[in-house]
Amino acid sequence: IDIVSAKAGANEDKVALSYDDNETTEWSSSGLLSTGWITYQLDREALVSEICLKLGGFRSRSYPLEILVDGKLVWKGNTPQSLGYVTLPLTPTKGKSVTIRLTGSNVEKDAFNNMIEVSGKKLKDSGNNSVAGNSKGQLHIIEAEIYEVVK
């Protein structure tokens, strides 16, 4: 489903970077739990069923999130660490907006034991590699895609 705009609790001038189809850009919140949210406006009402996310620090960071469609809770939990994108199955819900909200501190633990790529280099796990230091209260979204049930 096409995203036409977004609002966020912080860094609103960069929200479009979270859905621009460019894996070298990202949006992030300010580090306060109260600003750890982003709401996407869809181009039309749809039966939203999945969200696919590439999150900053994806190899080592798990984000406690709530996902809402038109204000209705459709997913809650901790995102898995990954080698890139994670797909979260949502309770299929009709709506025109999707909110991703951080609900607590991120959990840091390398799930892949500092795996090295075939090239001998470690894969960067954020859009511009800005995810560093104490970012346990930040939500970093490199890319977000929203999907609907097709019948």
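How much space lies in the largest cavity? In this predicted model, the largest cavity holds about 30 Å³ of space, and the count of cavities of 30 Å³ or more comes to one. The points below take up that cavity, then the nonpolar core, and then the aromatic pair.

**Cavity**
- The residues that line the largest cavity are Leu55, Phe58, Arg61, Thr79, Pro80, Gln81, Ser82, Gly84 and Val86.
- Sorted by class, this lining has four nonpolar residues, four polar residues and one charged residue.

**Nonpolar core**
- The largest nonpolar core has 28 residues, of which Ile38, Tyr40, Ile51, Leu53, Ile67, Ile100 and Ile141 touch the most other members.
- At least two residues of this core come from each of S1, S3, strand S5 (64-69), strand S6 (72-78), strand S7 (85-102) and strand S9 (140-148), and S3 gives the most, with seven residues.
- Leaving aside residues up to four places away in sequence, Ile100 touches Gly36, Trp37, Ile38, Tyr40, Ile51, Leu53, Leu65, Glu66, Ile67, Leu139 and Ile141.

**Aromatic pair**
- The count of aromatic pairs comes to one, and this pair is formed by Tyr19 and Tyr40, which are edge-to-face at 5.8 Å centre to centre with 90° between the planes.
- Tyr19 lies in the loop between strand S1 (3-8) and strand S2 (27-28), while Tyr40 lies in strand S3 (residues 37-55), so the pair ties together parts that are 21 residues apart in sequence.
- Tyr19 is partly exposed, with a relative accessible area of 21%, whereas Tyr40 counts as buried at 0% relative accessibility.

Methods:
Residues are numbered from 1 along each chain as its sequence is written. This is a predicted model: local features need pLDDT of at least 70, side-chain atom pairs count only at pLDDT 80 or more; totals for chains, interfaces and linings use all residues. Side-chain values use heavy atoms; hydrogens and water are left out. Rings of Phe, Tyr and Trp (its six-membered ring) pair if their centres lie within 6.5 Å; planes under 30 degrees apart count as stacked, over 60 as edge-to-face and the rest as tilted. Helices (H or I, at least four residues) and strands (E, at least two) are DSSP runs, numbered from the N terminus. Buried means under 20% relative accessible area, exposed over 50%, partly exposed in between (1.4 Å probe, protein chains only). On a 1 Å grid over the protein atoms alone, a cavity is a set of points where a 1.4 Å probe fits but cannot get out, and a pocket is an open set with protein on both sides within 12 Å along at least five of seven lines; lining residues have an atom within 4 Å of a point. Grid points are joined across faces, edges and corners, and a volume is the space filled by probe spheres set on the points. Ala, Val, Leu, Ile, Met, Phe, Trp, Tyr, Cys and Pro count as nonpolar, Asp, Glu, Lys and Arg as charged, and the others, Gly among them, as polar. A nonpolar core is a set of buried Ala, Val, Leu, Ile, Met, Phe, Trp, Tyr and Cys residues joined through side-chain atoms within 4.5 Å. Contact means heavy atoms within 4.5 Å.
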